[in-house]
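User: I would like a close look at one part of this model, the surroundings of a ligand. Please keep the answer plain and connected.

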Amino acid sequence: MNNPLYDTLFGQHQGKATPFLERADGTIITHAAYLDLAAQYAHVFSKLGLKPDDRVAVQIGKSPQALAVYAACAQAGIIFLPLNTAYTAAEVSYFAENSGARLILCDAEKAEALTPVAATTGAVLETLNDDGSGSFTDLAHPMPTTFATVARTEDDLAAFLYTSGTTGRSKGAMLTQGNLLSNTQALRAEWAFTAQDTLLHALPIFHTHGLFVATNIALLAGSKVLFLPKFDADTMIRLMPKATTMMGVPTFYTRLLEDARFTKDLTKHMRLFISGSAPLLAETHLQFEARTGHRILERYGMTETNMNTSNPYKGERRAGTVGFPLPGIEIKITDSRSGDTLPQGEIGEIEVRGPNVFKGYWQMPEKTAEELRENGFFITGDLGKIDEDGYLHIVGRNKDLIISGGYNIYPKEIELLLDNEAGVLESAVVGVPHPDFGETVVGVVVAQKGKELDLDQLKKNISASLARFKQPQKLFVVAELPRNTMGKVQKKALRDRYAGLYQET
Ligand code: MLC
Ligand code: AMP
């Protein structure tokens, strides 16, 4: 095979007038049209001097064109680096610089703010807007609609996905063609996707869930995708009758359940609902079944590994669990300190090994060595146990991480910014339960002796360099942070103290 990822997911559809993406207004983009566009984009990469293994950093809205950039990267052997559209220019600068991206693709609105970054790193900057217009489109327009696919192996890199870390510095997870492909093949088979399926797709395409799970499976199976720019309950409910499957984060499910139009009748033709990226409360699972008669299939994954486990498609989908390891993937529960495997039923660190596990963090060999063992097991930072029937339960996290509406937020990143503010002695950031987002961000600051803190001003100051979804929803001043005898901040005590902030009465 010439280029495993491109040939298997994309190339198989070349020249076929089969429907691929259907937009909210009913317009359809066929596989052929999508791949013609991707080929034109691949020509632009060559024209701009990009070579295989170069990185393209992409911060653009969800559109068929944005998805064609992914296909173009696969075809040209270029490493795709998608970025959350909520990231500020300061955040994007880090990713562009750290990855050494040769091309930055962004919305025209962001071009001015990102031009200095491109100038510093020597990258080319082109624009691609939500409506498909932009300087990149202008370059692509005259290009041929076929491109000689660049030869690759399964070991070649296909994408960098940045994930924050407990040190506050984001790490670029290097994913190979084989990582992505093996996982897509396992999931397509496990969840029985076919060309008869229509997937309701409202997830962003800059993270694993919407990109490498949802899109890749649909491409492999030849399924049609109802491709929506974002989650909007009205549109989801309007289009549900056209779909056979849906993937979402728990917030999608809780929001749908809040809507009286979301009924058994509306979902009676649906084949499968899948949830992941954050814990689905057992209560939501049960409520969903009571309302629709469907049992949500919950699975577990992460940026560095794609998907690891899944509840069974056929067989019991057990609420509060994430099911069994996918074929070819091993899961073990270990003692965090010794790394020894624990007896069945005990709680410990979840470790995973398989063809899905990433190659390491870009230019961070020490970080890679800390989390990826020489024997191939990746230390996930999640805590879990395996029950007597083999189902994996996630019971907590060994990493200081907040998951809000399916987005990961590392407290350290926010604490570093707060600590840098005038008058702040120290800070701690925790996640507290939130009815819509699952968890939300709360910050606690201690003032320097004799200093008064203006919390509104503090919030404003840090917001310039932090995506909106990471910004603390509430800030509190305290006299001191709770610490254990070793002097370590007791985040649990803070989480408990503020747990009731958003509790519904
Ligand atoms: C938006 N906002 C959020 C937020 N999303 N705040 C906290 N957490 C979030 N997740 C804020 C906005 O900044 C804005 O703030 C306000 O909420 C409304 O914005 P919006 O754009 O209208 O929000 P909405 O469309 O309602 O988005 C919520 C959401 C979305 C849950 C639908 O965040 C979403 O699609 N999440 C999915 C994330 C995802 O794909 N995760 C997968 C990661 S991969 P203000 O103050 O300006 O009003 C992974 C691996 C795996 O984890 O296993 O899958
Ligand atoms: P990310 O780094 O954005 O890929 O997020 C991965 C993290 O999301 C995992 O390490 C888990 O902590 C969490 N996660 C993903 N799926 C689930 C799930 N089904 N239940 C609980 N947590 C999950």
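Which helix and which strand each supply at least two residues of the shell around ligand 1?

Analyst: They are helix 10 (250-257) and strand 13. Helices (H or I, at least four residues) and strands (E, at least two) are DSSP runs, numbered from the N terminus.

Some ground rules come next. This is a predicted model, where local features need pLDDT of at least 70, side-chain atom pairs count only at pLDDT 80 or more, and totals for chains, interfaces and linings use all residues. Residues are numbered from 1 along each chain as its sequence is written, chains are lettered from A and ligands numbered from 1 in the order in which they are written, and side-chain values use heavy atoms, with hydrogens and water left out.

Now the shell itself. Around ligand 1 there are 22 residues, and R255, S277, R299, S404 and R468 come nearest. A residue is near a molecule if one of its heavy atoms lies within 4 Å of it. By class, this shell has 10 nonpolar, 8 polar and 4 charged residues. Ala, Val, Leu, Ile, Met, Phe, Trp, Tyr, Cys and Pro count as nonpolar; Asp, Glu, Lys and Arg count as charged; the others, Gly among them, count as polar.

Which domains does the shell draw on? Domain 2 (190-397) and domain 3 (401-497) each give at least three residues to the shell around ligand 1. The domain bounds come from an automatic or database domain assignment.

Next, the polar contacts (pairs of N or O atoms within 3.5 Å). The side chain of R255 has an N or O atom 2.7 Å from an oxygen atom of ligand 1. For S277, a polar side-chain atom lies 2.6 Å from an oxygen atom of ligand 1. S404 places a polar side-chain atom 2.6 Å from a nitrogen atom of ligand 1. On its own, ligand 1 has 1000 Å² of accessible area, and the protein covers 75% of it. Such areas come from the Shrake-Rupley method with a 1.4 Å probe.

One of its backbone N or O atoms lies 3.1 Å from a nitrogen atom of ligand 2. A polar backbone atom of T303 is 2.6 Å from an oxygen atom of ligand 2. K399 has a polar side-chain atom 2.8 Å from an oxygen atom of ligand 2. The protein covers 92% of the 500 Å² of accessible area that ligand 2 has on its own.

Definitions and conventions
Polar contact = N/O pair within 3.5 Å; in protein donor to acceptor, adjacent residues only side chain to side chain.
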